[in-house]
Amino acid sequence: MGKITVAQAMVKALQEEGVEYIFGIPGAAIYPFYDALYNSDIKHILVRNEQAAVHEASGYARSKDKVGVCVATSGPGATNLITGIATAYMDSVPIVAITGQVMSSLIGRDVFQEVDITGATAPFCKHNFLVKDPKKIVEIIKKAFYIASTGRKGPVLIDIPFDIQQQEIEYPQSISIDIKGYKPTIKGHPLQIKKAIDLIETAKKPLICAGGGVISSNASDNLKKLIEKHKIPLISTLMGIGSIPTDHPFYLGMIGSHGQKKANIALREAELLIVVGARLGDRALGDTKITEKMKIIHIDIDPAEIGKNVGTDVPIVGDAKYILGEILNRITEKDLCWAQEIIDENTNKSVSNIDYLRPFEVLKEISNIYKGEYIITTDVGQHQIWAAHNTLIKKPRTFISSGGLGTMGYGVPAAIGAKFANPDEEVIVITGDGSFQMLMQELATIKREMIPIKIVLFNNSRLGMVYEIQKKRCSSRFIATCLDGNPDFELLAKAYSLEYLKLDNKDKLSEAISIMKNSKKPFLLEVVTKPDEPTIT
Amino acid sequence: MKYTLSVLVENHPGVLSRVAGLFSRRGFNIDSLAVGVTDDPNISRMTIVVNGDDYIVEQVTKQLNKLIDVIKIKKLNPKEAVERELALIKVSANSQTRSEIIQITEIFRANIVDVSKETLTIEISGDEDKISAFMELVRQYGIKEVVQTGIIAIERGNKVITKNSKIEEDE
């Protein structure tokens, strides 16, 4: 085989990794790579801001369990990726981000569109590479995919000077990946697993808390079998939503400051907490005293998470699917349902006396009409919590939200990525007028690609969550939370060729959602809500 | 409480900044950090002295282990390790004080490596206590400048920390 350019080798290596889509924006420092893409089968999705490219790769990765790929040019293109990379890092999403860099001989001279992107992203990406040796490019790409998709998954960045992209190399025949400092533990320690089983067998009030790790390790089946076999109630973090169906009788909801009552009651009463693939961050477990009295088993593939936020009695480092499988196989069947009273507690919200449209009713109706047959992505704010509490989620990887970093603007691009990954699924964005406007230029990507994404926009003309804080804690001294100047969303929908409906009362709720469901086109459903609607209803 | 960590890392650019950056962004305090290449040119060793409690040192170890470039970490027990630091100390000296400073230097088995009309530069190696005791004694003459390397440490006996050695603390 003759020599090919590094850019061509990059495309070939990406194809070997099974990449179907790349989300990005070209620029001068990455043009050789784009030129090499011209003749490939990989489809490039042109976004309107690089941040959206990472979120689209993230939606793709999370909904399909594959590595998402995004590309940007040097300097501002690369820095625009930063928020998306940090978002993916906090939520452990496997992404490979490729950035062009200025000519290698000019690095460090502050030339046009130069930025130290490997330095800038080091604190919040799993690993990054600055390519200096053209011969190493294929090895680096293979390493990047391996690192991104194994162990605790996460984003990896490859920064490549544009002169190196143009150099010629022999494409290496075979490359084996061996990284001395990176050997993720998959199988949990047998002794620790035994200790965990003993604790679960003897506990009278065991409770499982599922986090995003359950979903990213595809452990949902084992988790469901385990809770049914031993009758253990389950709570989840925001990232753990979808680890088992939200209408499962043992599922008590999301915990935390914005969590559900049942879940928080169960957490207070449990005597053994089995944390699976969750880090129990401050939003999930604001009061660490709750866990002081109980025993804790913590299962996580990242040893650094164990003991970081809560003390642990039995730490188990390894893959959640494997470890839950081991526990499931060896645990006895039981009929102990200590949380039956909590499960039976009727927390259905009363709707009878309310004549105006409330967000939870809209979300319940969407769940009823779609019967959970969708992928939901959310933005960040009140609507995110409404969605977490009120949408029916039947399968893992169908509730996609920015949990750790809480990135407003995530919803629409994540939906675009999820739609490319699952063209036959309905993809619905739940967003608010604040979040939506952070990356709403992605409507252009939707228009160009003609992908029928449905957007449910809760419009209260406020930055709702902060508005609520100002109301409660600042004696209603509202500052900078009123979104005067919002566009006319109907005209906006028209500008981007979206179908549009406005919903401002209860009468046509079902009809509007049915129209949205039956539409084969991109759709914007604007739901007008009251500014005083609380986050927790 | 101070802990000494012996850390093997890949020897390539950017690794030191990743390690140092990890300390600053997670709010850990580094007392000292010394780096040098090992007998294997692909691998460097960092000796890091951390100030903190058990939780801090456990987190430092785990977070460092997450870095792809970090190959191995071992927490050294001070009783089972030899620790050394090198300091170069420039002390004011005149005809009256010069001989006293030379005497102190000899007692500490340190070396005079440079002399001028008004100064003596002394090279001293040893553990932290020895160097600080020496500095206390020469402070009266006027210390003009001090340069220290940070601690390097190695385990006593036949135990080694290399990329292939097994560490009991490994999880």
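Predicted model: local features only at pLDDT ≥ 70, side-chain atom pairs only at ≥ 80, totals over all residues.
Q: Which residues of helix α1 of chain A are buried?
A: Buried means under 20% relative accessible area, exposed means over 50%, and partly exposed is in between (1.4 Å probe, protein chains only). In α1 (residues 6-16), the buried ones are Val6(A), Ala7(A), Ala9(A), Met10(A), Val11(A), Ala13(A) and Leu14(A).

Q: How far apart are the closest N and O atoms of Glu468(A) and Lys472(A)?
A: They sit 3.9 Å apart and form a salt bridge, which takes a side-chain nitrogen of Lys or Arg within 4 Å of a carboxyl oxygen of Asp or Glu. An α-helix has 3.6 residues a turn, so residues three or four places apart point the same way. Here Glu468(A) and Lys472(A) are four residues apart in helix α20 (residues 464-473), about one helical turn. Glu468(A) is buried at 15% relative accessibility, while Lys472(A) is exposed at 64%.

Q: Which parts of chain B does the pair Lys159(B) and Glu80(B) tie together?
A: The closest N and O atoms of this salt bridge are 3.4 Å apart. Lys159(B) lies in the segment after β9 (152-155) and Glu80(B) in the loop between β4 (70-76) and β5, so the bridge joins parts 79 residues apart in sequence. Lys159(B) is partly exposed at 43%, and Glu80(B) is partly exposed at 39%. Over all chains, the count is 34 salt bridges. There's also a network linking Arg152(A), Asp302(A), Glu305(A), Lys308(A) and Lys66(B).

Q: How many disulfides are there over all chains?
A: A disulfide is a covalent bond between the sulfur atoms of two cysteines, counted when the sulfurs are within 2.5 Å. The count is zero. Take Cys474(A): its closest cysteine sulfur is in Cys482(A), 16 Å away, so it is too far for a bond. Cys474(A) is partly exposed at 30%, and Cys482(A) is partly exposed at 39%.

Q: Which residues is Glu83(B) in contact with, leaving aside neighbours within four places in sequence?
A: Contact means heavy atoms within 4.5 Å. Glu83(B), in strand β5 (residues 81-92), touches Thr4(B), Gly126(B), Asp127(B), Ile151(B), Ile152(B) and Ala153(B). Its side chain also makes a 2.8 Å polar contact with that of Thr4(B). Thr47(B), in strand β3 (residues 43-51), is buried at 3%, and its contacts include Thr4(B), Ile151(B), Ile152(B) and Ala153(B).

Q: How many helices and strands does chain B have?
A: Four helices and nine strands, in the order β-α-β-β-α-β-β-α-β-β-α-β-β. Its C-alpha atoms fill a box of roughly 60 × 35 × 30 Å along the principal axes, and buried residues make up 43% of its 171 residues. Among contacts between residues at least 6 apart in sequence, 73% join residues at least 24 apart.

How values were computed:
Residues numbered from 1 in each chain as written. Chains lettered and ligands numbered in written order. Heavy atoms only, no water. Helix = DSSP H or I, 4+ residues; strand = E, 2+ residues; numbered from the N terminus. Polar contact = N/O pair within 3.5 Å; in protein donor to acceptor, adjacent residues only side chain to side chain.
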